[in-house]
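Hi,

Here is the complex I promised to pass on. Have a look at it first, and my notes follow below.

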Amino acid sequence: MEINIAQVIFQIINFGVVFVALTYLVYKPVLKTLQQRAEKVKASQQAADDVLSEKDAMDKTKTKTVAEAKKQAASLVAAAQKQADDKLADQMAKAKAQVKEFVEAEKEKWEAEKKRMKKEFEKQLSDSVFVVSEKVLSESLDKKALTKSVDASIQEILKAL
Amino acid sequence: MQVVVSSPIAISSSQKQTLQKAVEKKYGKVEMVEVVDPSLIGGVKVTIGSHQIDATVKSKLNQLKQQLG
């Protein structure tokens, strides 16, 4: 086989021209495009990371806020419960005091009424005793007894004089 | 001065004299007026002016009644 030097040189020059042309016209723009794309991807990744970080932070804030809200709600419920219990106890105490006062007042009224009735009864009894005694004495004293009582009274009057 | 002597029965003259002597000893000369009142039950009541000495059974019963009432 015979080597054509001229053909070889021509091929080498031709390859070199094509190599240089491809380097400047294709390789560099493609490389640049790839770099730009990589930067875009990196930026997008960074943005996605930032969004995720922000979401985590928001989740933490949300959890913390919910926990604080729950704590505040529990505190409010406990305070309201305590206030209601205190008010109930206060009202119960007032009601008991009122009932006691009412019972005492009624008891006093009843005692006064009993005393009044007893006094009334005693008065009626003494009136009856007086009437009966007066009647019995008027009917039972004979002249002798009357004279004796007059004598005794005169002695009493003499002492008084 | 008039002295009223009230009693359920008429008092005897000796009783009247005894009373008159005692009253005159203290008040001087008096005129005795007798009143018979059966409602007095027993005893005697002597009224000398505004002064009264009540020793009747009715008066005693009244006092008893007041003490009980």
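In what order do the elements of chain B run from the N terminus on? The order is β-α-β-β-β-α, which gives chain B two helices and four strands. Helices here are DSSP runs of H or I with at least four residues, strands are runs of E with at least two, and both are numbered from the N terminus.

Before the rest, some housekeeping. This is a predicted model, where local features need pLDDT of at least 70 and side-chain atom pairs count only at pLDDT 80 or more, while totals for chains, interfaces and linings use all residues. Residues are numbered from 1 along each chain as its sequence is written, chains are lettered from A and ligands numbered from 1 in the order in which they are written, and side-chain values use heavy atoms, with hydrogens and water left out.

On confidence (pLDDT is the predictor's confidence in each residue, from 0 to 100): chain B has a mean pLDDT of 90, with 99% of its residues at 70 or more. For the complex, the predictor gives an ipTM of 0.86 and a pTM of 0.49.

Staying with chain B, 39% of its 69 residues count as buried (under 20% relative accessible area; exposed is over 50%, partly exposed in between, with a 1.4 Å probe and protein chains only). Of its contacts (heavy atoms within 4.5 Å) with a separation of 6 or more, 60% are between residues 24 or more positions apart.

Where does chain A come up against chain B? One place is A:I154, which touches B:Q15, B:L19 and B:V44, leaving aside residues up to four places away in sequence. A:I154 sits in helix 2 (residues 143–160) of chain A and is buried, at 3% relative accessibility.

Now for the aromatics: there is one aromatic pair over all chains. The ring centres of A:F15 and A:F19 are 6.3 Å apart with the planes at 25°, so the pair is stacked (centres within 6.5 Å make a pair of Phe, Tyr or Trp rings, using the six-membered ring of Trp; planes under 30 degrees apart are stacked, over 60 edge-to-face, the rest tilted). Both residues belong to helix 1 (residues 5–140) of chain A, four residues apart, or about one turn of the helix. A:F15 is exposed at 60% relative accessible area, and A:F19 is exposed at 52%.

A:L25 is also in helix 1 of chain A, and is exposed with a relative accessible area of 65%.

Cheers
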